[in-house]
Amino acid sequence: MTHRRKYWVLWASVLGVAALAGVIIGKAVPTQAGVENPALAFPLLLGVWGLVIPITWLLWKRTDDLQQQGQLVSWWWGGLSGTIAILVYLLVYFGRHSELSLGASYLFFGQCAGFIIAWFVWRFRGRGEAE
């Protein structure tokens with residue numbers, strides 16, 4: 001199997017595992033209310049999602065530096081711009097205290113927290129000085 005084919009098989013695997021995790025989480029969480037035992041369900045469902053991480057790490061390690069930089073730039077500028085545009089849209093059209101606006105705000109704060117944690121790990125591993 002060629003390198004290119006292995007790469008695309010890995011991409012398909014990532015998407016498949018992510019879709020499977022989404023289906024499992026979607027089936028486990030009711031549509032209108034939270035689960036009965038969130039203290040048990042939250043870590044369990046995070047664990048299901050966490051199964052996606054190892055396969056995405058394999059994909060990342062098999063991606064060359066130029067593609068990695070393209071992914072990083074795309075997620076930074078594209079993801080951040082898209083997030084802010086949708087957040088502003090929801091705030092303007094639905095108000096600050098609507099469920100949609102609050103949910104989007106929580107998601108944005110979660111993304112910021114994840115970014116800060118990842119940045120500190122990267123920085124304290126000495127990557128900032130070498131790069």
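1. Helix 4 supplies twelve residues to the lining of the largest pocket, the largest share. Helices are DSSP runs (H or I, at least four residues), numbered from the N terminus. A pocket is an open set of points on a 1 Å grid over the protein atoms alone where a 1.4 Å probe fits, with protein on both sides within 12 Å along at least five of seven lines; lining residues have an atom within 4 Å of a point.

2. This is a predicted model, in which local features need pLDDT of at least 70 and side-chain atom pairs count only at pLDDT 80 or more, while totals for chains, interfaces and linings use all residues. Residues are numbered from 1 along each chain as its sequence is written, and side-chain values use heavy atoms, without hydrogens and water.

3. The largest pocket holds about 2,200 Å³ of space, the volume being that filled by probe spheres set on grid points joined across faces, edges and corners. Its lining has 36 residues, of which Trp 60, Leu 72, Trp 75, Phe 115 and Ala 118 are the closest to the centre. Two or more lining residues come from each of helix 1 (3-28), helix 3 (52-61), helix 4 (65-94) and helix 5 (99-124). By class, the lining has 21 nonpolar, ten polar and five charged residues (nonpolar: Ala, Val, Leu, Ile, Met, Phe, Trp, Tyr, Cys and Pro; charged: Asp, Glu, Lys and Arg; polar: the others, Gly among them).

4. Helix 4 and helix 5 have axes 9 Å apart and pack at about 155° (axes are lines fitted to C-alpha atoms over the stretch in contact; angles run from 0 to 180 degrees between N-to-C directions). Helix 4 is therefore roughly antiparallel to helix 5 (over 145 degrees). Contact, meaning heavy atoms within 4.5 Å, involves residues of helix 4 including Trp 76, Leu 80 and Phe 94, and residues of helix 5 including Leu 100, Phe 108 and Phe 115. The contact residues divide into eleven nonpolar, four polar and no charged.

5. Helix 1 and helix 2 (residues 38-50) cross at roughly 165°, their axes coming within 9 Å. The two are therefore roughly antiparallel to each other. Ala 21, Ile 24, Ile 25 and Ala 28 of helix 1 meet Leu 45, Val 48 and Trp 49 of helix 2. This contact has seven nonpolar residues, no polar and no charged.

6. Between helix 2 and helix 3 the angle is about 25° and the axes are 5 Å apart. Helix 2 and helix 3 are therefore roughly parallel (under 35 degrees). Val 48, Trp 49 and Gly 50 of helix 2 contact Val 52, Ile 53 and Pro 54 of helix 3; five of these residues are nonpolar, one is polar and none is charged.

Methods: Angles under 35 degrees count as roughly parallel, over 145 as roughly antiparallel, 65 to 115 as roughly perpendicular and the rest as oblique.
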